[in-house]
Amino acid sequence: MKKRLAERLQGMKQYWHTAPGHGFASRKLALPVAGLLLLAMLYSLWVSWTPAVVQTSAARNDVIGVKTVSASIAIAETLLDKHGGYISNDISVPWLDNIKNWEFGVLKQIRDFNRVLRNEISRSQSQSAEDRVLAQAEPKFNIDNRKWMFPRAEKEYRAGIAMLKDYRSRLQARANDAHFYANSENLVDWMAVIEKRLGSTVQRLGMSTGKVTLDDAALEQVAEQGDVVIEPRQVREHIERTPWTEIDDVFFEARGTAWALTALLKAAEADFAEVLTDKQATLQYRQIIRELEAANGPLRTVMILNGGGFSIWPNHSLVMASYLGAANAALSNLIGLLENG
């Protein structure tokens, strides 16, 4: 019985492959499938094409702060209106994770700046009243970037942009309830936030090839018991490594961070010009911008490679880490000049 059934199935299979028109039908179906795959590939390339860095003029507006706030608005609008729009919350394109991580890197800098703007730059001192509009704008950008409904992320971000425009209009009109204090203390507060953000990013990029860390728990435990010599065997080593599936995610998030910071710092240089000149920190400030521009240079590869050590394959994550690490070191020097210069 089983043998007879197997023979019938084999016969049906042979008939299907030799039946007239079968090869033609297969070719007829293959053409539209290939066309759809080509369109999907072209759409993915179009959506993943990152926009140029937002450019601002070197001249400062008559009102201090308008230029920096305008740059933050332009960055947020570019995030929403670039090729394909904002896609981090689109469930229909799960394979476009690179541009989604780029968007998240940009969004982080928008959030950081708006937090500093609300809590520090727009207030003369810690006990002064915060700007009523900025107090509403900042939470709008803190919604989950993957939220696609109730409420939708883009809707909240656009509401935040509208509030920033209201604040900018009041600055331009020199309203009594709108302030932008471009002093060294506020600039230090902002630079300190950026320094921590870049430091974390550099660490994550460096873990693409694995980083050896030492566990000093044994050292602390023995030190509590008295003055005891610690032998090397009591210190344990751990290797922290970014999973290979997340290497490109961290890389493109860093690219988005560098993209947004380049535009913001270029605009802020004009508003904080007096402070930078007085502290003799202009050259150090511009060095940060140069490193960020290099980190956001043209990417001439279709794949983020992860070569190890001195191998023949490049490691794009470590190249990015070198630029952002240099920017982070320059930030530390800048903060020192602002505080002690």
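Seven aromatic pairs occur in the structure, a pair being two rings of Phe, Tyr or Trp (its six-membered ring) with centres within 6.5 Å. One of them joins Phe141 and Tyr157, which are stacked (planes under 30 degrees apart; over 60 would be edge-to-face and the rest tilted), at 6.1 Å centre to centre and 10° between the planes. This pair links distant parts of the chain, since Phe141 sits in the loop between helix H5 (132-140) and helix H6 (153-172) while Tyr157 belongs to helix H6, 16 residues apart. The model is a predicted one, in which local features need pLDDT of at least 70 and side-chain atom pairs pLDDT 80 or more, whereas totals for chains, interfaces and linings use all residues. Residues are numbered from 1 along each chain as its sequence is written, and side-chain values use heavy atoms, without hydrogens and water.

The loop between H5 and H6 also holds Phe150 and Pro151. The peptide bond from Phe150 to Pro151 is cis, with omega near -5°, and phi of Phe150 is positive, near 55°, in a residue other than glycine. For context, most residues other than glycine have a negative phi, and most peptide bonds are trans.

Turning to helix packing, helices here are DSSP runs (H or I, at least four residues) numbered from the N terminus. Helix H3 (residues 66-81) packs on H6 at an angle of about 160°, with the axes 10 Å apart; axes are lines fitted to C-alpha atoms over the stretch in contact, and angles run from 0 to 180 degrees between N-to-C directions. H3 and H6 are therefore roughly antiparallel (an angle over 145 degrees). Their crossing is left-handed, meaning that the near helix is turned anticlockwise from the far one by less than a right angle.

Helix H7 (residues 184-206) and helix H12 (residues 316-340) have axes that come within 9 Å and cross at roughly 155°. H7 and H12 are therefore roughly antiparallel too, and H7 passes H12 in a left-handed crossing. Residues of this contact divide into 17 nonpolar (Ala, Val, Leu, Ile, Met, Phe, Trp, Tyr, Cys and Pro), two charged (Asp, Glu, Lys and Arg) and eight polar (the others, Gly among them).

How values were computed
Helices (H or I, at least four residues) and strands (E, at least two) are DSSP runs, numbered from the N terminus. Angles under 35 degrees count as roughly parallel, over 145 as roughly antiparallel, 65 to 115 as roughly perpendicular and the rest as oblique.
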